[in-house]
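Dear colleague,

Please find below the structure that I am handing over to you. My findings follow it, and I should be grateful if you would read them with the model open.

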Amino acid sequence: MSGLKDLAHRLFSGKGEGLGNGEQTNEEGSAMTERMLTVEGMSCGHCKAAVEEELGGLEGVQHSNADFETGTVEVRYDDSKISDEDLKGAVEEAGYTLAA
């Protein structure tokens, strides 16, 4: 089990192979971008789920994790498939506003 903890630590600390500076690669070898977005209006678990579902439904998004308490969303995506407008549109579709 400690091996799994070590792997998780390396992945999330940016110390794993292919990690660093918020960029990774997906199965096809495309660069993955990791960003922290600020979302206005989230106040509960339902808000969290709605934002994650909309972002996760975009082709090219590998991971999204919203935190309604801090008003942030961590998202990992293929920037050759996803634009800033795509991210903004998904957040708005969920009923919230992406802060500038």
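Leaving aside neighbours within four places in sequence, Val51 is in contact (heavy atoms within 4.5 Å) with Met42, Val73, Ala94 and Tyr96. This is a predicted model, in which local features need pLDDT of at least 70 and side-chain atom pairs count only at pLDDT 80 or more, while totals for chains, interfaces and linings use all residues. Residues are numbered from 1 along each chain as its sequence is written, and side-chain values use heavy atoms, with hydrogens and water left out.

Val51 is also among the residues that touch the most other members of the largest nonpolar core, together with Met42, Leu55, Val73 and Tyr96. That core has 18 residues. A nonpolar core here is a set of buried Ala, Val, Leu, Ile, Met, Phe, Trp, Tyr and Cys residues joined through side-chain atoms within 4.5 Å. Buried stands for under 20% relative accessible area, exposed for over 50%, and partly exposed for values in between, with a 1.4 Å probe and protein chains only. At least two residues of the core come from each of β2 (31-40), α2 (45-56), β3 (61-67), β4 (72-78) and α3 (84-93). The most is given by α2, with 4 residues. In soluble globular proteins, nonpolar side chains tend to be buried together.

As to the overall fold, the protein chain has 3 helices and 5 strands, in the order α-β-β-α-β-β-α-β along the sequence. Helices (H or I, at least four residues) and strands (E, at least two) are DSSP runs numbered from the N terminus. The chain has 100 residues, of which 31% count as buried. Among its contacts between residues at least 6 apart in sequence, 54% join residues at least 24 apart.

Helix α2 deserves a separate paragraph. It has 12 residues and reaches 16 Å from its first C-alpha to its last, close to the 16 Å expected at 1.5 Å a residue; the expected span is 1.5 Å times one less than the number of residues. Its buried residues are Cys47, Ala50, Val51, Glu52 and Leu55, and they pack against β3, β4 and α3.

A polar atom of the Ser64 side chain is 3.3 Å from the backbone oxygen of Glu52. Ser64 is buried, with a relative accessible area of 15%. Not counting residues up to four places away in sequence, Ser64 touches Glu52, Leu55, Gly56, Val73, Glu74 and Val75.

How many disulfides does a search of the whole structure find? The search finds 0, a disulfide being a pair of cysteine sulfur atoms within 2.5 Å. The sulfur of Cys44 is 3.4 Å from the closest cysteine sulfur, in Cys47, and therefore too far for a bond. Cys44 is partly exposed, with a relative accessible area of 30%, whereas Cys47 is buried, at 5%.

Two loop residues are exposed. Gly57, in the loop between α2 and β3, has 62% relative accessibility; its C-alpha is 8.5 Å from that of Ala90, 33 residues apart along the chain. Glu69, in the loop between β3 and β4, has 69% relative accessibility; Glu69 and Lys48 are 21 residues apart in sequence and 9.5 Å apart, C-alpha to C-alpha.

Finally, a word on confidence. The protein chain averages a pLDDT of 81, and 71% of the residues score at least 70; pLDDT is the predictor's confidence in each residue, from 0 to 100. Among the elements, α2 has the highest mean (98) and helix α1 (residues 2-13) the lowest (44). Over residues 1-21 the pLDDT is below 50, and this stretch has 10 contacts in the model beyond near neighbours in sequence. Where pLDDT is low, the predicted coordinates should not be read in detail.

Yours sincerely

Definitions and conventions:
Polar contact = N/O pair within 3.5 Å; in protein donor to acceptor, adjacent residues only side chain to side chain.
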